[in-house]
Amino acid sequence: MTFRVRFTREAGDDLVRLYEFILDRDVTDWGLAERALEAIRHAISGLERSPFSYRKVSDGGGPFLRELIIPFGSAGYVALFEIEDSEVVTILAVRHQREDDYL
């Protein structure tokens, strides 16, 4: 079984914001920004095969609201996602691990 992964508008905006944050620090570091997005894309592709293997959100999110930890450098990213049904996984938000919580 393969799940279709989709992004909310807010999650798409998060990816743009994270990319721009890296470039705002150093406009010449587009390679780092690209590698960060690729790490996120690669990790999220795992949701197509086994979204139930990732950890449940601990704050009463129910069995279908989960988090994907994405290692990158000395920290990484966290993607909040919901398993909609037997075919669709929706990415709700993507944050750097050092940002404020998104719940």
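**Salt bridges and the main pocket**

Arginine 41 and glutamate 38 pair up through their side chains in a salt bridge, 3.6 Å from N to O. This is a predicted model, and the salt bridge count comes to four.

**Within helix H2**
- Arginine 41 and glutamate 38 sit three residues apart in helix H2 (residues 30-45), so about one helical turn separates them.
- Arginine 41 is partly exposed at 48% relative accessibility, and glutamate 38 is partly exposed too, at 44%.

**Between strands E2 and E3**
- Arginine 55 bridges to glutamate 67, with the closest N and O atoms 2.9 Å apart.
- That pair ties together distant parts of the chain, 12 residues apart: arginine 55 is in strand E2 (residues 55-56) and glutamate 67 in strand E3 (residues 65-72).
- Arginine 55 counts as partly exposed at 48%, while glutamate 67 is buried at 12% relative accessibility.

**Between helix H1 and strand E5**
- Arginine 95 reaches aspartate 14, and their closest N and O atoms are 2.7 Å apart.
- Here the partners are 81 residues apart, arginine 95 in strand E5 (residues 88-96) and aspartate 14 in helix H1.
- Aspartate 14 is buried, because its relative accessibility is 7% and the cut-off for buried is under 20%.

**The largest pocket**
- The largest pocket holds about 280 Å³ of space.
- It has 14 lining residues, and Phe21, Ile22, Arg25, Tyr77 and His96 are the closest to its centre.
- Helix H1 (9-25) and strand E4 (75-83) are the elements giving two or more residues to the lining, with H1 supplying the largest share, five residues.
- By type, the lining splits into seven nonpolar, three polar and four charged residues.

Key
Residues are numbered from 1 along each chain as its sequence is written. This is a predicted model: local features need pLDDT of at least 70, side-chain atom pairs count only at pLDDT 80 or more; totals for chains, interfaces and linings use all residues. Side-chain values use heavy atoms; hydrogens and water are left out. On a 1 Å grid over the protein atoms alone, a cavity is a set of points where a 1.4 Å probe fits but cannot get out, and a pocket is an open set with protein on both sides within 12 Å along at least five of seven lines; lining residues have an atom within 4 Å of a point. Grid points are joined across faces, edges and corners, and a volume is the space filled by probe spheres set on the points. Helices (H or I, at least four residues) and strands (E, at least two) are DSSP runs, numbered from the N terminus. Ala, Val, Leu, Ile, Met, Phe, Trp, Tyr, Cys and Pro count as nonpolar, Asp, Glu, Lys and Arg as charged, and the others, Gly among them, as polar. Buried means under 20% relative accessible area, exposed over 50%, partly exposed in between (1.4 Å probe, protein chains only).
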